[in-house]
Amino acid sequence: MANLTIRKLDELLKAELRQRAAANGRSMEDEVRVILRDAVHQRHGFAPSLPQAGGAAAAEPVPDDASPDKHEAFSASKAATARVTLIVGGGIAAYKAMDLIRRLKERGADVRVVLTKAAQQFVSPLTASALAHQRCYTDLFDPQSEFDAGHIRLARDCDLIVVAPATADLMAKMAGGHADDLATAILLATNRPVLLAPAMNPLMWNNPATRRNVDQLRRDGVAMVGPNAGEMAERGEAGTGRMAEPIEIAAAAQALFAPPPRPLRGRRVLITAGPTHEPIDPVRYIANRSSGKQGYAIAAAAARAGAEVVLISGPVDLAAPDGVTLTRVESARDMLTAVHAALPADVAIFAAAVADWRVASEGDQKIKKGAGGPPPLQLTENPDILATISKLAEGRPKLVIGFAAETENLLDNARAKLARKGCDWIVANDVSPATGVMGGDRNTVHLLMKSADAATIDSWPVMTKDDVARALVQRIAQTLEVHA
Ligand SMILES: Cc1cc2nc3c(=O)[nH]c(=O)nc-3n(C[C@H](O)[C@H](O)[C@H](O)COP(=O)(O)O)c2cc1C
């Protein structure tokens with residue numbers, strides 16, 4: 001068998017291979033093996049190996065002569081074609097924007113190209129039109145397209161505007177709100193997301209004027225990909241300023257024009273997380289080792305799935321996830337009050353490690369060490385938040401989920417808890433110190449679901465807490481849909 005030396009491949013091919021391999025978490029050699037295997041399988045009618053879940057969309061196998069329909073399986077929007085207005089600025093990297101047209105089309109986008117006057121010094125309108133399979137636009141005062149204000153159509157009749165290469169000049173004009181040519185008029189008139197792929201000499205990129213413009217554009221909500229570090233077109237120059245590779249830009253664009261599905265849109269989800277602190281006196285409390293990570297991960301996953309999320313958290317050292325309304329509480333009693341206040345909800349997930357007991361009579365003053373020895377601490381039971389909400393006669397969430405953190409007889413205890421509390425599901429996890437679950441980033445859970453006779457148990461493999469959260473949210477969304 002012939003030997004293949006990756007080092008000897010041409011630079012462009014190597015760069016693309018490196019990105020595919022990184023996106024799929026493989027070595028470059030392994031990536032080549034997968035590509036070869038897929039090529040052989042395709043020839044013999046087998047299915048190709050799809051990019052891994054969560055892997056960048058840039059990872060698909062794309063032969064050089066790829067046509068869009070061949071890659072329908074990887075397309076961002078099979079149902080409706082995404083429309084991208086691609087503005088090409090006047091930089092050396094304009095030639096790479098021609099490849100970007102193809103990369104975007106492979107992902108199911110209809111691409112309309114706008115070339116600045118300077119860009120036409122680097123690439124011709126004919127090349128851009130031929131690759132886009134439609135005319136390209138160059139002139140603001142074009143009677144053919146402006147009879148009905150065509151620049152407004154290019155600005156708004158699209159899902160995304162990509163600027164590649166985004167020159168220092170174009171970014172300065174955007175930051176300043178100029179509109180003296182077709183590209184800048186479109187950028188000023190748009191209400192669509194804008195993705196910039198800056199490309200320029202490192203001195204231009206680091207110039208204080210460019211830094212100010214970049215900061216301004218970011219504040220204005222403009223997304224950016226790159227620039228990357230590396231060698232410049234100018235001889236002997238290197239640094240940050242190279243345009244991101246077309247495959248990287250296409251992946252970033254796809255993430256914007258094909259937003260993730262939001263199966264919990266319109267649902268309100270209530271989540272508790274973390275420990276509770278039960279005061280002994282003004283300076284001391286009873287607590288537990290819960291870090292809140294699993295509950296916070298569920299809140300983040302539910303928010304990403306489009307839910308309106310209220311997170312009620314005991315004292316933890318975690319920031320509120322994006323898009324989540326956070327209420328911080330201390331004790332079990334505070335938590336129950338906050339839960340009642342947050343209802344109604346479609347789903348309630350009680351992931352907090354609520355203290356079962358509190359001190360019966362909390363000291364008003366710090367308890368002093370005295371000759372009488374340690375003070376006797378009389379404990380009393382805390383309210384049972386899970387049981388209280390599960391058994392609500394009115395306003396009970398459709399789906400009530402509890403957590404069982406056990407150190408022994410996990411499944412028996414979880415089954416008993418499911419029956420006793422009146423909730424719908426229990427997420428059971430073993431929190432023995434040896435598992436490292438308390439405070440760690442991984443979890444092994446069993447999902448117990450109430451059914452007519454006994455509980456159905458679904459045991460998941462060891463996963464990160466983020467993956468557990470994603471899987472749980474997905475299961476919740478499916479269940480709500482079935483019972484809608
Ligand atoms: C050979 C050459 C290469 C250039 N490359 C870049 C570049 O990579 N990035 C950049 O910001 N400007 C570059 N410029 C300068 C721009 O072409 C110039 O600022 C122009 O006005 C940009 O116009 P536009 O932003 O409307 O496309 C280059 C100029 C020349 C002559």
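Two residues are in contact here if their C-beta atoms, placed from the backbone, lie within 7 Å. By that criterion, and leaving aside its neighbours within four places in sequence, R442 is in contact with V462, M463, T464 and K465. The model is predicted, and its chain contains 16 helices and 21 strands. Buried residues account for 39% of the 484 residues in the chain, and of the contacts between residues at least 6 apart in sequence, 68% join residues at least 24 apart.

**Surroundings of the ligand**

- The ligand is surrounded by 16 residues, the closest of which are G90, G91, T116, A118 and T167.
- Helix α7, which covers residues 168-176, gives the most to this shell, contributing three residues.
- Sorted by class, the shell around the ligand consists of 10 nonpolar, five polar and one charged residues.

**Packing of α12 against α16**

- Two packed helices are described by the angle between their axes and the distance between the axes.
- For helix α12 (residues 293-304) and helix α16 (residues 465-482), the angle is about 50° and the axes are 8 Å apart, which means that α12 is oblique to α16.
- The crossing that α12 and α16 make is right-handed.
- On the α12 side the residues of the contact are K293, Q294, A297, I298, A300, A301 and A302, and they meet K465, D466, V468, A469, R470, L472 and V473 in α16.
- Divided by class, the residues of the contact of α12 with α16 comprise nine nonpolar, one polar and four charged.

- R442 lies in strand β18, which spans residues 442-443.
- With 15 other C-beta atoms within 10 Å, R442 is partly exposed, because that class lies between the cut-offs of 12 or fewer for exposed and 20 or more for buried.
- One of the contacts of R442 is K465, a residue that also takes part in the meeting of α16 with α12.
- V468, another α16 residue that takes part in the meeting with α12, is 26 residues from R442 in sequence, while the two are 8.6 Å apart in space, C-alpha to C-alpha.

**Backbone features to check in the model**

- Most residues other than glycine have a negative phi, and most peptide bonds are trans.
- The peptide bond from G226 to P227 is cis, with omega near 5°, and P227 is found in the loop between β5 (223-224) and β6 (228-231).
- A cis peptide bond also runs from L343 to P344, again with omega near 5°, and P344 lies in the loop that connects α13 (332-342) and β13 (347-350).
- H133, although it is not a glycine, has a positive phi of about 60°, and its place is in the loop between α4 (125-132) and α5 (143-146).
- H133 counts as exposed because it has 11 C-beta neighbours inside 10 Å, and 12 or fewer is the cut-off for that class.
- N409, likewise not a glycine, has a positive phi of about 40° and lies in the loop between β16 (399-406) and α15 (410-421).
- N409 has 10 C-beta neighbours inside 10 Å and therefore counts as exposed.

Definitions and conventions
Residues are numbered from 1 along each chain as its sequence is written. This is a predicted model: local features need pLDDT of at least 70, side-chain atom pairs count only at pLDDT 80 or more; totals for chains, interfaces and linings use all residues. Helices (H or I, at least four residues) and strands (E, at least two) are DSSP runs, numbered from the N terminus. A residue is near a molecule or strand if its C-beta atom, placed from the backbone, lies within 6 Å of it. Ala, Val, Leu, Ile, Met, Phe, Trp, Tyr, Cys and Pro count as nonpolar, Asp, Glu, Lys and Arg as charged, and the others, Gly among them, as polar. Axes are lines fitted to C-alpha atoms, for helices over the stretch in contact, and angles run from 0 to 180 degrees between N-to-C directions. Angles under 35 degrees count as roughly parallel, over 145 as roughly antiparallel, 65 to 115 as roughly perpendicular and the rest as oblique. A crossing is left-handed if the near helix is turned anticlockwise from the far one by less than a right angle, and right-handed if clockwise.
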